[in-house]
Amino acid sequence: MVFQPALLIPCYNHGDQIGATVSRLAHHGLPCLIVDDGSDATTAAVLDRLAAEHEWLTLVRLPENRGKGAAVAAGVDAAAESGWTHVLQIDADGQHDTDDIPRLLDKARDQPDALVSGQPIYDDDIPRVRFYGRYLTHALVWLETLSFAIRDSMCGFRVYPVAASRELFHSHRIGRRMDFDTDIMVRLYWRGTPVVFVPTRVRYPRDGVSHFDMLGDNARIAWMHARLICGMLPRAPLLVARRLRRGSEKIHWTRQAERGTYWLMWLGLQLYRVFGRPGARLILFPLVTWFWLSNAQARRASRDFLQRVYEHGGAQQRPPRALDVYRHFFMFSDCIVDRLESWRGRLRHEHVQFNGQQMLLDEAARGRGAILMTSHLGNIELCRGLNDQLGNLRMNVLVYNHHAPRINRIIEKSNPNSRLKLVDIREFGMQTAAMLEQQVRDGEFLAIAADRTPPSLNENVVPARFLGSEAPFPTGPFIIAALLHCPVYLMTCVRVEGRYRIDVVHFAEEITLSRKNRDADLQYWAQRYADDLEARALETPMQWFNFYDFWGHPVTGDGTARKQDGYNGD
Amino acid sequence: MSDDLGRELKELIIESLDLEDVTPEDIDDDEPLFVDGLGLDSIDALELGMQIQKKYNLKLDANNEANKQHFASVNALRRFIESQQAT
């Protein structure tokens, strides 16, 4: 395929800046189209003079102002007539870093079918409101494409493949003003044009002419998203199929969760702030539905789990059907909404029944902490919002998650009085152990989920019977408990008849592991934990939030609890 | 005095890890504690780390690799403790 790129600058009344922008482009040795989008007489005169001075400039003039989208469309037409295959669009006001032009073009040369877009790295001078606005747009675009492929849809610094773009302009009315950049990117993606990104610096010019019209453009953007979401629905099966073709590999739960949890939480919280519960639901329900549609692995896992509950005489009283699986997924989104409600401090005492609260308060009164073993049954994260009920106990939640510091910031922002912190224990070494021990000695509590295996599989796991067959359980929580020589409680939080019920039960005064029979000891404790979890899972199966093959990755025979390669620091 | 510290460390290792059939004389000063020599594993290392830290009031490194060096043998451990106490 021939690769003949040209530059394209839509220009509307940027007479002051266009000269400087043009002079920065000369050394690239590329033809350049300037589309005068009905500028005033002053700017028009500047453009005429520039076109006369530089023979590599071609001026296309629109009789009246029609907006950026129309200007780019006119430029694409002109490029096609001149035989250019790609146009690299640059804003006239100088906010794009023209030094990155070769990098964008290199990418386009490698992937001539793709739309190559700059992915902005902002200087600190971006206005706050627009910064947040961008994140809302990102999330909507993910929904509209049912994919995380589009990382930024608003940066105008892009290389358009002329043929595909022209076809789209001619068959469809693309947004013409501030809605243009997102609209065309989503629609090109729908039509199978890959979208790739090149990071680039973007500057907000202080003295620049901004054409953003608060009322009109926001309405236009909202209307565009409404149309795109409606357009997504009939395309959903194709979009999902496309996603599945690209990557159907088995993914460990930590990676699956990382994919979107952080932004989902952030977005949910923002919508919750503005629109309350219905607003948060508005965004979470479609996302859960999408998850349900697109994630066959999670659907299978849910059905398998519910089947086992049914066979063991639990609260699932018939062989699970598709509807049960959907309800199971739905429960999860509801749980996220409840979690947001509690983090915002809106969950009131009468909505929560706390069994065993006194035991924790007694421990704290004795000036020592304890380990609270939790699980992914129910909504334990809700407890983060329950400062009052927890009598200001200090909580540290041990997680395998490098987003821990970011999530801590979210918690702090949403509830400045929170006495809860996340601790990342992926790199567990002597120092981590010593730090945790100090925390317990200072009377703090450590919560750790003991139902999920650590990110590196088949390492540090032990088998325990759970709902009929052996499943791998992590040894980490029991080893940590043994190292700290402190009491251990089990803690769950489930919704029963519209209220939350927190149960704390005593598990062990101290977990000891004998050196000789360490594996057998670990298996004993894991089995006791699994037995308690099983009884609870049978009671509230719809609140089981492990949407992956829980029994997968069978534990290999001997000594898996102990690393065979000896001490390697964790 | 360093010999005393060496013996003290060996006793601590035996006691805190419940090594029933081992006496201080069985442990060579330069013998690797983990895997090859005494055959301790990662969980032993954590337990030992906690005990030694408490007893000698040490500040362990945030870097696991460095800790691994400090706990390589009785002699390495002794040097580490002495260097911390000197400061």
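Start at A:Arg158 in strand β6 of chain A: this residue is the bridge partner of A:Gln89. The model is predicted, and every value here is computed from it. Strand β4 of chain A covers residues 86-89 and is joined to β6(A) by four bridges. The two strands run antiparallel.

Now follow β6(A) along its residues, 158-161. Which way do they point? A:Arg158 and A:Tyr160 point one way. A:Val159 and A:Pro161 point the other way.

Step back to the whole of chain A. The chain has 17 helices and 16 strands. Of its 570 residues, 40% are buried. Contacts also reach along the sequence. Take those in chain A between residues at least 6 apart in sequence: 79% of them join residues at least 24 apart.

Chain A also touches chain B. How many residues does each chain bring to the contact? Chain B gives 21 residues and chain A gives 18. On the chain B side, two elements give two or more residues: α2 (42-56) and α3 (64-70). Of these, α2(B) gives the most, with eight residues. What classes of residue make up the side of chain B that touches chain A? This side has 10 nonpolar, five polar and six charged residues.

Conventions: Residues numbered from 1 in each chain as written. Chains lettered and ligands numbered in written order. Predicted model: local features only at pLDDT ≥ 70, side-chain atom pairs only at ≥ 80, totals over all residues. Contact = placed C-beta atoms within 7 Å. Nonpolar A, V, L, I, M, F, W, Y, C, P; charged D, E, K, R; others polar. Buried ≥ 20, exposed ≤ 12 C-beta atoms within 10 Å, placed from the backbone. Pairing = 2+ DSSP bridges.
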